[in-house]
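Here is a friendly briefing to read alongside the model. Please keep the viewer open as you go through the points.

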Amino acid sequence: MIEAVDCFKGYDGTPVLQDVSFRVKPGEIYGIIGPNGSGKSTLLRLISGVERADAGEVRIEGRPAETYSRRRLAQLMAVLEQEAIPPVGFTVRQVVEMGRFPHQDWLGRERRSGGEARGWAAPGEKVGGEGQPLVTEGQKGGGEGQPLVTEGQKGGGEGQPLVTEGQKGGGEGQPLVTEGQKRLSGGVDRLLDQVMERLGLMALADRTLDQVSGGERQRTALGKAMAQEPRVLLLDEPTTYLDIGYQLQMMDYVSRWNRENGLTVVAVLHDLNLAAQYCHRLLVLHQGRIVAEGTPAEIIDPALIGRVYGTVPAVVAHPVSGIPQILLQPEEG
Ligand SMILES: Nc1ncnc2c1ncn2[C@@H]1O[C@H](COP(=O)(O)OP(=O)(O)OP(=O)(O)O)[C@@H](O)[C@H]1O
């Protein structure tokens, strides 16, 4: 699904990543851990296509990442970072709707995904599923459907209308939104409702982001990623500013999405206990190089962690799951 081959990246002549090669299997939750400055976020930026390796390459489904258009990459991958969205004036629902942008044309009309969208709904539910188009044949007959970009949103951004009056007048007697597109949008509305319900965002839908808590904002960002219907989710420290309840909730949502829809996840995580609980395999970076790769049982080892982080923890088996967990060990304990 994702493959890094002999990647090298440096800034101002200083190597930040060297000889980095690994492969993430489809449907895997793959964690990247390592101390501050070890190159984790840089590696994620190479995978997301934001930056290119100086040597070597990242391949997505066998193709070099740079051969994908921005739009195609955004259809394939969503990125969720720490403090993912600033509290600007959009409502929670508007932000979740923004997840559809890679699937829309320049007028905000939904385009067919050519059967590639996998959808987020659980097996048995109508929207999505393995290799299913977003809107199924049964759903095509469906409801009235609202355009995804509302009048309020069209006015969007920095006082600049996204669609001018002139543009609205568009084609030669052609309605800009056809009946078929309306039905497509109707299917998308159902998808958005499902995402909002799953994440418990319905009650917050009309609040602007400055009227919700940090945890709720992060959940909104996850909703936007889900609405994007990616095959790959890239997480860069998504739980940093969350309390333990929200940390678990966030990772539980991701884990459920992975189980039910075969989503592939690559997650940079500082919290080794969360990484061990949720990741199938872990990659350990140290000073820009890979020092280990393996299952949490193989990686969460006092000697290895001590060598990489400079502090030797106590490792115990979780009393319920048996997964290795670390206990920090002060020098004078
Ligand atoms: N754009 C840049 N220009 C110059 N140096 C950079 C740039 N981006 C990252 N670096 C340097 O590359 C190294 C790796 O940074 P990176 O952010 O990838 O590490 P990280 O493992 O994600 O760190 P942290 O855990 O602290 O977030 C650091 O020394 C950082 O200062």
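Ala-303 has its place in helix H12 (residues 302-309); helices here are DSSP runs of H or I with at least four residues, strands are runs of E with at least two, and both are numbered from the N terminus. With 9 C-beta neighbours inside 10 Å, Ala-303 counts as exposed (a residue is buried if 20 or more other C-beta atoms, placed from the backbone, lie within 10 Å of its own, exposed if 12 or fewer, and partly exposed in between). Its C-alpha atom is separated by 8.6 Å from that of Pro-313, ten residues along the chain.

Before going on, please note that this is a predicted model, in which local features need pLDDT of at least 70, side-chain atom pairs count only at pLDDT 80 or more, and totals for chains, interfaces and linings use all residues. Residues are numbered from 1 along each chain as its sequence is written.

**The six-stranded sheet**

- Six strands make an open sheet with mixed pairing, in the order E6-E7-E8-E3-E9-E10; two strands pair if DSSP finds at least two bridges between them.
- Strand E6 (77-81) and strand E10 (289-294) are at the edges with a single partner strand each, so one side of each has no neighbour in the sheet.
- On average, neighbouring strands of this sheet are turned by 15 degrees against each other, direction ignored; the axes are lines fitted to C-alpha atoms, for helices over the stretch in contact, and angles run from 0 to 180 degrees between N-to-C directions.
- Inside the sheet, strand E3 (residues 29-33) pairs with strand E8 (residues 264-268) in the parallel sense, over four bridges.
- Gly-294 belongs to strand E10 and is partly exposed, with 14 other C-beta atoms within 10 Å.
- Leaving aside residues up to four places away in sequence, Gly-294 touches Arg-281, Leu-282 and Ile-299 (contact means that the C-beta atoms, placed from the backbone, lie within 7 Å).

**The four-stranded sheet**

- The order of this open sheet of four strands is E2-E1-E4-E5, and its pairing is antiparallel.
- Strand E2 (14-24) and E5 are the edges here, each with a single partner strand, so one side of each is left without a neighbour in the sheet.
- Strand E1 (residues 2-11) pairs with strand E4 (residues 55-60) over five bridges, in the antiparallel sense, and the bridge partner of Ala-4 in E4 is Val-58.
- E4 is also joined by two bridges to strand E5 (residues 63-64), and these run antiparallel.
- Across that pairing, Arg-59 stands opposite Pro-64, and Ile-60 stands opposite Arg-63.

**Two residues with positive phi**

- As background, most residues other than glycine have a negative phi.
- Glu-61 is not a glycine, yet has a positive phi of about 50 degrees; this residue sits in the turn of the hairpin that E4 and E5 form with two residues between them.
- Glu-61 counts as partly exposed, with 13 C-beta neighbours inside 10 Å.
- Asp-19, in strand E2, is not a glycine either and has a positive phi of about 50 degrees.
- Asp-19 has 13 C-beta neighbours inside 10 Å and counts as partly exposed.

**Helices H8 and H9**

- The axes of helix H8 (residues 214-227) and helix H9 (residues 244-261) come within 10 Å and cross at roughly 10 degrees.
- H8 and H9 are therefore roughly parallel to each other (angles under 35 degrees count as roughly parallel, over 145 as roughly antiparallel, 65 to 115 as roughly perpendicular and the rest as oblique).
- On the H8 side, Gly-215, Gln-218, Leu-222 and Met-226 meet Tyr-246, Met-250, Tyr-253 and Trp-257 in H9.
- By class, the residues of this contact are six nonpolar, two polar and no charged; Ala, Val, Leu, Ile, Met, Phe, Trp, Tyr, Cys and Pro count as nonpolar, Asp, Glu, Lys and Arg as charged, and the others, Gly among them, as polar.

**Around the ligand**

- The residues surrounding the ligand are Tyr-11, Val-16, Gly-34, Asn-36, Gly-37, Ser-38, Gly-39, Lys-40, Ser-41 and Thr-42 (near means that the C-beta atom, placed from the backbone, lies within 6 Å).
- Helix H1 (residues 40-48) gives the most to this shell, with three residues.
- The shell holds two nonpolar, seven polar and one charged residues.

Terms used: Contact = placed C-beta atoms within 7 Å.
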